[in-house]
Amino acid sequence: VAGYGASKTDGLPLVRAVEDVSLKVEKGRNLGIIGESGCGKSTLARAIAGILPAAVGKIVFDGKELGRSARERTRDQLREMQIVFQYADTALNPAKSVEDILDRPLVFYHGMNARARSLRIDELLDMVRLPRNLRHRRPGELSGGQKQRVNFARALAADPKLILCDEITSALDTVVAAAVIELLKEMQRELGLSYIFISHDLSLVEAICDEIVVMYGGKKVEDITPAKINAPHHPYSQLLFSSVPKLDPSWLDGLEQDPELVRAYCRR
Ligand SMILES: Nc1ncnc2c1ncn2[C@@H]1O[C@H](COP(=O)(O)OP(=O)(O)OP(=O)(O)O)[C@@H](O)[C@H]1O
Ligand SMILES: [Mg+2]
């Protein structure tokens, strides 16, 4: 995908937010996109989903080229590719109940009647491990982790093949984030989904992705598989990968053998 995040209104100049990015996601596999804030990750996800149509380039899904804009795509094409947004809060309409939020894709993509929808909502809430009676609540009455699960359930309601996850855990505490990641993995096993997983947390991306793309300044600078993670080429990726703390269980042994430390602190 080569694209521009652009603001064309009011004669404002075009902003070249993403450029020269080409990537491939295989069925049932996960691709991580990693890079610093502002490097164009969300813009790229929006271009793939057709929300912010790319100015150049092409997007091929299941062997067919997709329209650059969501408006040019068929309903089935829209259904098969869902996006879960960076900010769970703003992604959910605060005035609607969870039931209303989940109803929409069930009507739009599947034309389900009220009874079928109600049954499916129970299933979806079960899938994302939320209690069924939570369907009557509004987003303001949910925790951050619960909101992100509702967002995820809404994406699943479409019956997608690919879910674009844009920093879905960055607003959550570590334990809740880990639970959401576990859920993604379970869903993948059960439903054979693929994910494009955007994050600036390398350890998270490593945990879930088969392949990682590093972006810097709107461009793709490197393709990495977790097995090769210790040998990135681009200086930015090297910096990124070297700044992740690694647990070294033998670090204390090193200190014990340091002659200066031993002299200063050991009374042996
Ligand atoms: N509609 C727009 N108009 C003007 N500039 C934009 C627009 N959308 C994005 N940008 C700019 O494009 C660049 C990429 O933004 P983007 O949101 O894709 O970054 P990101 O990698 O997702 O960052 P973060 O990790 O903070 O979410 C930024 O410099 C941003 O300011
Ligand atoms: Mg972003």
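## Ground rules

This is a predicted model, where local features need pLDDT of at least 70 and side-chain atom pairs count only at pLDDT 80 or more, while totals for chains, interfaces and linings use all residues. Residues are numbered from 1 along each chain as its sequence is written, chains are lettered from A and ligands numbered from 1 in the order in which they are written, and side-chain values use heavy atoms, with hydrogens and water left out.

Cys209 is in no disulfide; its nearest cysteine sulfur belongs to Cys165, 9.0 Å away. Cys209 is also buried, at a relative accessible area of 6%. Here buried means under 20% relative accessible area, exposed means over 50%, and partly exposed is in between (1.4 Å probe, protein chains only). Cys39 is buried too, at 1%.

## The chain overall

The chain has eleven helices and eight strands; these are DSSP runs numbered from the N terminus (H or I, at least four residues, for helices; E, at least two, for strands). Of its 268 residues, 43% count as buried. The accessible surface is about 14900 Å², with 51% of that on carbon and sulfur atoms; the areas come from the Shrake-Rupley method with a 1.4 Å probe, and for residues only the protein chains shown count as cover.

Now for contacts, meaning heavy atoms within 4.5 Å. Take those between residues at least 6 apart in sequence: 62% of them join residues at least 24 apart.

## Two cores

A nonpolar core is a set of buried Ala, Val, Leu, Ile, Met, Phe, Trp, Tyr and Cys residues joined through side-chain atoms within 4.5 Å. The largest has 45 residues, and Phe152, Leu156, Ile163, Leu184, Met187, Tyr195 and Phe197 touch the most other members. Setting aside neighbours within four places in sequence, Leu184 contacts Phe152, Cys165, Ile168, Tyr195, Phe197 and Ile208. Apart from that core lies another, of 20 residues, including Leu44 and Ile83.

## Helix H1 and Ser199

Helix H1 (residues 41–49) is largely enclosed by the rest of the structure, because eight of its nine residues are buried. Those buried residues pack against several strands, among them S1 (30–34), S5 (162–166) and S6 (194–199). After H1 comes Gly50, with a positive phi near 85 degrees.

Ser199 sits in strand S6 and is buried, with a relative accessible area of 3%. Its side chain reaches the backbone nitrogen of Asp201 at 2.8 Å. Beyond residues up to four places away in sequence, Ser199 touches residues including Ile33, Lys41 and Glu167.

How values were computed: Disulfide = S-S within 2.5 Å. Polar contact = N/O pair within 3.5 Å; in protein donor to acceptor, adjacent residues only side chain to side chain.
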